[in-house]
Amino acid sequence: MGLIMGKVLNKLGDTLSANNSEALILYGSVPSPCVRRVIITLLEKGLDFDWVEVDLQNMEQRSPAYLSLNPNGFVPTLCHRDQVIFESGVINEYLEEQFPVKPLMPSDPYLLAQVRMWIAAEGAMAKIFRPVMYQKLMAPVMHVSRTEAEARRIVLRWTNDESDLAWEKKIWNMQVLTPAELVDKEQQLLSWLDKVEQALTGKQYLVGEQFSQADISLYPRVMMYSHIGLAPTNDRYPRVLRWAKSLETRASFEESLSEQAKKLQKMANSPMIQKLRAVLAKPKQQRHVFDNSFLWIVGKVIRNIQNVDELLAPNRLKRALPLPAKSGSAITAKHVSTGDNSGRDNEKKQLELLTYPKSSSCERVELLFEVLGLTYTKTLIDINANEHKNRAFLKLNPLGEVPVLKHGEKVITDSTTIAEYLITEFSGEYKWQPTDSISRAKHRMWLALDAGAHKEVKPLWDQYIGKKDKPQLHITNEKNALKRIDDKLLILEKTLSIQPFLLGEYPQYADIAWHTQLSLLQRVPNFNAEHLPALIKWQQVMQVAIATSKECTA
């Protein structure tokens, strides 16, 4: 893997490298931009770490062993000794707070909010990018390198989840997106890049005058546009290309691209892949003999590169995933400043929230306003009337999502970013979020787990709450969605069986967030939480805690 890490760990019991004094293990995959931004952060901080390669191509991230570390089933996951931290944004905030040398986040609350908004915007864009990448790159590669039955057999080594198997079937059949959906998403990706181009006007970095996590977060994904045939060109994106070229001069950006990653990048951008897409786009009856010969040869080459025959070997065993390193010494958590919010009473009068009453993301922010005792103006945005897509709203939030906070001239988007900003700026003695690095990482992971349920919750919301004019959910899809949601709620149940709130003895913003999520789910006809008694009791306690907090701040 080159110089980007100390040692590659392959199996349970592998020892860490001698220089890895903090026992940092990063679980990820070379092609993932989410992983690369964490590697860049580790390198910028001068931290030694070891590595576990997770086989995303064949869904090892959905294996029970990996899900026990990261219940969202995404990469990356970082282990600091035996403390597990998942989701790239959470990991990078933890590294910032636990290892504050060479800061990569601004100290000013609004600049910090801007960095977090860029990170959230990249996360929203990734949901558009991912299916395009699978349709244009992963699907053609899989289709020619193995049969559909072989693809299913390989995936079944790691998971028998019906949603996973259905996704794999879509990939092999190159049906991730319809042609119309593909064109629409490609346009969305280019429009998003237009916003990045505009944001870089007269600036070297995305936020203020400081290199930050905003730049680290966006760069790896933008550089993958070429993988899907949308490489930025100088005529449309001169500032983006100048910004990227400037970042590439940093040692961390160069070293984070391993030799294996360079090979994958070269293959993704090669004429071979472009031709593969073109040939597969032809109806079978229109392919001539040279087309079929090309597909056969490319399939054999890729099959060999990806060791498909080895993966299919009947005696091949699942590996025991390397686990977090046990350590006799506990991690010393760092205190995190929550800001000075004295003397801001006048500023409180300038708060306006653009919101939608049926959204749990909006409801949690409104509840936070109330428990903080903040007076604000509420402006309702009618999602069903597409008011979130009109020009005035998109000027505030190009993603077209609620809630949006206006604090005087400042505009803040993304519910979690809004919450952290409000808590930092306006909370009193009780902060509604922890004040040490480890507890804050745990708090953010609860929010990441909530965000990880979005894929399953959204179609349920569309059908039963938003009542959008869309085809009815297939009963099997709804069943699978509820099963995945239940898996996450069982994690809450386990925690709430031993302590009153998600972080311990007192409620935090993560409790408010999950409280609104559960309230939403209880409006879905087939949702049932009777087997989760601790969760039901916690919800009742949360109602009392929220009411009490409102009285105390009234």
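## Salt bridges and an open sheet

Arg 444 and Glu 420 form a salt bridge, with the closest N and O atoms 3.3 Å apart. The model is a predicted one. This pair links distant parts of the chain: Arg 444 sits in helix H19 and Glu 420 in helix H18 (residues 415–426), 24 residues apart. Both Arg 444 and Glu 420 are buried.

The pair does not stand alone. Salt bridges with shared partners join Glu 93, Glu 97, Arg 116, Glu 420, Arg 440 and Arg 444 into one network. Side chains of opposite charge can pair when their charged atoms come close.

One link involves Glu 97 and Arg 440, whose closest N and O atoms are 3.1 Å apart. Buried or exposed: which describes Glu 97 and Arg 440? Glu 97 is buried, and Arg 440 is buried too.

Another salt bridge runs between Glu 122 and Arg 221, with 2.7 Å between the closest N and O atoms. Here the link is between helix H4 (residues 109–145), which holds Glu 122, and helix H8 (residues 213–223), which holds Arg 221. The two residues are 99 residues apart. Both are buried. In total, the structure holds 35 salt bridges.

The table lists the pairs described above.

| Salt bridge | Closest N and O atoms |
|---|---|
| Arg 444 with Glu 420 | 3.3 Å |
| Glu 97 with Arg 440 | 3.1 Å |
| Glu 122 with Arg 221 | 2.7 Å |

Now the sheet. Four strands form an open sheet in the order S6-S5-S7-S8, and the pairing is mixed. Which strands stand at the edges? They are S6 (377–380) and S8 (410–413). Each has a single partner strand, so one side of each is left without a neighbour in the sheet. From one strand to the next, the twist averages 20°.

Strands of a sheet pair through backbone hydrogen bonds, either parallel or antiparallel. Strand S5 (residues 351–355) pairs with S6 in the parallel sense, over 4 bridges. Leu 354 has Thr 379 in S6 as its bridge partner.

Helix H16 (residues 360–371) packs on this sheet. H16 touches S5, S6 and strand S7 (404–407). The direction of H16 makes about 155° with that of S5.

Key
Residues numbered from 1 in each chain as written. Predicted model: local features only at pLDDT ≥ 70, side-chain atom pairs only at ≥ 80, totals over all residues. Heavy atoms only, no water. Pairing = 2+ DSSP bridges. Axes fitted to C-alpha atoms, helices over the stretch in contact; angles between N-to-C directions. Contact = heavy atoms within 4.5 Å. Salt bridge = Lys/Arg side-chain N within 4 Å of Asp/Glu carboxyl O. Buried < 20%, exposed > 50% of the residue type's maximum accessible area, 1.4 Å probe, protein only.
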